[in-house]
Every structure is written in C-alpha cells, then in structure tokens.
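Here's a quick briefing to read with the model open beside you. Have a look at the fold first, then come back for the details.

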Amino acid sequence: MAGGLFALLDDVAALVKLSAASLDDVAAGASRAGMKAAGVVVDDAAVTPKFVEGVNPKRELPIIKRISFGSLINKMFIILPIILLLSEFLPWLLTPLLMVGGTYLCFEGAEKIFEKFGWVEHHEEPKKESKHGKKGDGDAEKKIVRSAITTDFVLSCEIMVIALNEVASEDLIPRAIILVVVALAITIGVYGSVALIVKMDDIGLHMAQKEKASTQKFGRFLVKAMPKLLGGLSVIGTFAMLWVGGHIILVGTDELGFHALYDFVHHLEEPVAAIAGVGGILGWLVNTFFSLILGAAWGGIVAGIAIGFTALLKSGNKNGKDTDTVQKDDEMPVEKAPADDSADSSAVADTSSTADHGAGPKPNYAPGQSKGPSES
C-alpha cells in the first residue's frame with residue numbers, strides 16, 4: 001500500500017516537472033515571439049491614442065476597452081485559426097506571407113519618414129463626429145471603435161504571423177498555446193499602456209490641484225510630457241517597423257534561395273560577435289543596423305512606386321475633368337444662341353427707331369396756310 005502511494009507521488013512529481021518544463025517552453029516561445037513583434041507593438045501603442053483625441057474624457061476608457069475586446073477577437077477567433085491551418089497544411093506559404101507583411105511594415109515606416117520631410121501629404125485622421133457634431137454620442141463611438149479595430153486588424157496580422165514564424169517548429173498544440181499567450185499578453189500590454197497614456201494628462205491635472213508643491217510640479221510635468229511621449233513612441237515605432245520589416249526581408253530572401261544579402265550582413269556580424277563579453281550585443285546591433293537600412297531602402301522603393309502610381313491616377317482623373325470642362329466650354333455658344341438672336345432683334349429694333357428719330361420732327365402747317373409768303 002505504502003509502495004503504491006510512493007509510486008503515485010513519484011508519478012505526480014514527474015507530471016509536475018513535465019508540466020513545468022512545458023510551461024517553461026511556452027513562456028520561452030512566447031517571449032521570443034513577443035520580442036520579435038515589438039516593432040508592431042510599439043507602433044500599435046503609438047497609433048491607438050489618436051482615435052480618442054477630442055473625445056469626452058469620461059468616455060475614453062470605455063472606448064479603449066471596446067477596442068481592446070475587438071483586437072482580441074481579431075487575434076483569437078479570426079487570425080489565429082487561419083495561420084494555424086496555414087502552418088499545418090501549407091507551411092511553405094508562411095515565408096512569402098511573412099515577407100508580404102514585412103514589406104508592408106517597411107512601406108509604413110518609409111511613408112512616415114516621407115511625411116516627416118514633407119515629400120508626401122500627411123494622412124489626416126477622419127473626423128470622429130456624428131451627424132450632430134457631438135463626439136460623445138453612440139454613433140460617433142461606434143465609428144471610432146470600428147475604425148480603430150480595422151486598423152488594429154492589420155497590425156494584429158503582422159504580430160501573429162511574426163510570432164508564428166518564431167515557433168513554427170513546435171507541435172500544433174504547443175504552437176497554438178504559445179500564440180494564445182502572445183495574443184493575450186500583447187493585447188493587455190498594448191491597451192493597458194494606451195489607457196495609461198490617454199489618462200496621463202487627467203492624472204497630471206488632478207495632481208496639479210493638490211496642495212503639496214512637489215505633487216503639483218510632478219502633475220504639470222505629466223501634462224507637458226504626454227505630447228512628447230506620443231511623439232517619441234511614434235519615432236521609435238517608425239524605426240522599429242523598419243528594423244523588423246527589414247529583418248523579415250533579410251531572412252526571407254535567404255530562405256527563398258537568394259543568399260547574398262544575408263551572407264553579407266552575417267559576414268559583418270561575425271567579427272564583432274566574437275568579442276568576449278559584449279559580442280552578443282554587438283552582433284545584434286550590427287544585424288539590427290543593417291536590417292534597418294534594408295528596411296528603409298525596401299520601404300522607400302515600395303513607397304515611391306505607390307506614390308508614383310497614385311500621382312498617375314490623380315493626373316489621369318484631372319486630365320479627364322479638364323477634357324470635360326473644355327467640351328462644356330465648346331458647347332457654350334450653342335446654348336447661348338437664342339439669347340444672341342434676341343439681342344440681334346432688339347438691336348434691329350433700336351436701329352429702326354433711331355432712324356425714324358433721326359429724320360427730325362415734321363413741321364406742322366395750319367389748314368390753308370401756304371408754304372411761301374402770303375400775297376394780298
């Protein structure tokens with residue numbers, strides 16, 4: 001009896017160790033996947049606060065809550081099943097799919113740089129107002145949430161595909177568990193940070209009204225720091241997108257058989273990676289730097305093509321409008337013909353009346369009066 005009990009305890013201990021090892025593997029896989037998706041995460045955290053600008057402060061957190069639930073639904077019930085099926089039955093498609101996502105990240109980063117230098121027009125956010133012009137009512141909130149979730153869907157696709165690529169070698173069940181953990185952790189982290197950023201000015205204003213001078217000073221600091229924080233996040237997000245996108249392109253081209261770019265970066269990375277103590281960090285920095293350069297170049301080419309194509313379409317539409325205007329101008333005299341005829345008629349009438357008037361008044365003679373001098 002005692003031997004059976006000890007055997008059972010040994011089995012339980014072995015099961016606990018196995019579960020702990022599995023949890024460690026899941027945690028390690030989630031950590032790798034989450035770090036690789038950091039560029040998109042930072043950009044997501046920088047973009048989302050813009051959706052609640054001008055909204056009633058009391059409605060900011062409820063709106064962010066609704067957006068976070070929509071983001072989680074995007075990741076868990078739409079994106080995750082699709083990419084798991086692809087990874088299980090069409091694994092060869094993951095690298096091209098990932099490169100498409102990397103190209104999009106490079107394009108977004110390059111476009112933001114072009115906007116910063118004034119080379120392209122800045123994309124204005126649509127006004128989040130209802131038909132009555134109030135941003136706090138139900139219709140406006142629905143538009144805000146729908147627009148934010150649509151934007152989040154694209155970013156969530158990138159996050160989940162990047163995460164999947166890091167754990168593609170795992171079995172299906174551990175892979176699914178890791179991606180679920182990544183989806184939950186990133187959603188909570190992103191929208192928790194967004195909620196804190198959005199309410200930072202309110203917290204600062206509340207602290208600035210306290211009696212203690214140090215509290216007031218810190219409150220004013222928070223209020224002034226929020227625009228700078230959003231600007232800093234935007235810059236970091238831009239460079240992170242170029243880095244992540246460039247690294248995806250670098251690795252993807254190597255996996256598809258074009259080894260020149262990857263071998264070049266790897267050749268530069270090897271000497272510094274051999275330095276004792278700091279080799280790992282220096283190697284990562286070299287790889288990151290050249291990935292950033294590649295991402296900027298790749299994104300610049302794609303953005304240039306997209307901008308040129310858009311300008312060509314606008315030029316074609318403008319020429320079409322100009323042609324229509326010229327045609328309308330040519331038809332103008334025909335439309336005014338009746339008015340010209342009436343003008344001519346009135347001109348003739350005026351001429352005839354002027355001619356009659358030009359003859360002068362006829363002399364009036366009394367009856368029996370002769371034209372010459374009278375004779376007696």
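What follows is a short tour of the chain, its helix packing, its cores and a couple of residues.

Keep in mind that this is a predicted model.

**The chain overall**

- Reading from the N terminus, the elements go α-α-α-α-α-α-α-α-α-α.
- The protein chain has 376 residues, and 32% of them are buried.
- If you take the contacts with a separation of 6 or more, 75% are between residues 24 or more positions apart.

**α3 against α6**

- The handedness of the α3 and α6 crossing is right-handed.
- Sorted by class, the residues in the contact of α3 with α6 come out as 19 nonpolar, four polar and four charged.

**α5 against α6**

- On the α5 side, the contact is made by D152, I159, M160, A163 and L164.
- On the α6 side, the partners are R175, L179, V182, A183, I186 and Y191.
- The contact of α5 with α6 splits into nine nonpolar and two charged residues, with no polar ones.

**The nonpolar cores**

- The largest nonpolar core holds 37 residues, and the members touching the most other members are I63, I83, M160 and L179.
- At least two residues of this core come from each of α3, α4 (94–116), α5 (138–166), α6 and α8 (213–255).
- Leaving aside residues up to four places away in sequence, M160 touches K75, I79, L80, I83, L179 and A183.
- There's also a second, separate core of seven residues, with I197, M200, M207 and L222 among them.

- Start with S68, which is found in helix α3.
- Is S68 buried or exposed? With a relative accessible area of 16%, S68 is buried, because the cut-off for that label is under 20%.
- Which residues does S68 touch, not counting those up to four places away in sequence? They are T187 and Y191.
- Y191 lies in helix α6 and takes part in the contact of α5 with α6 too.
- Y191 is buried as well, at a relative accessible area of 5%.
- Along the chain, Y191 and S71 are 120 residues apart, yet their C-alpha atoms are separated by 9.4 Å.

Conventions: Residues numbered from 1 in each chain as written. Predicted model: local features only at pLDDT ≥ 70, side-chain atom pairs only at ≥ 80, totals over all residues. Heavy atoms only, no water. Left-handed = near helix turned anticlockwise from the far one by under 90°. Helix = DSSP H or I, 4+ residues; strand = E, 2+ residues; numbered from the N terminus. Nonpolar A, V, L, I, M, F, W, Y, C, P; charged D, E, K, R; others polar. Core = buried A, V, L, I, M, F, W, Y, C linked by side-chain atoms within 4.5 Å. Buried < 20%, exposed > 50% of the residue type's maximum accessible area, 1.4 Å probe, protein only. Contact = heavy atoms within 4.5 Å.
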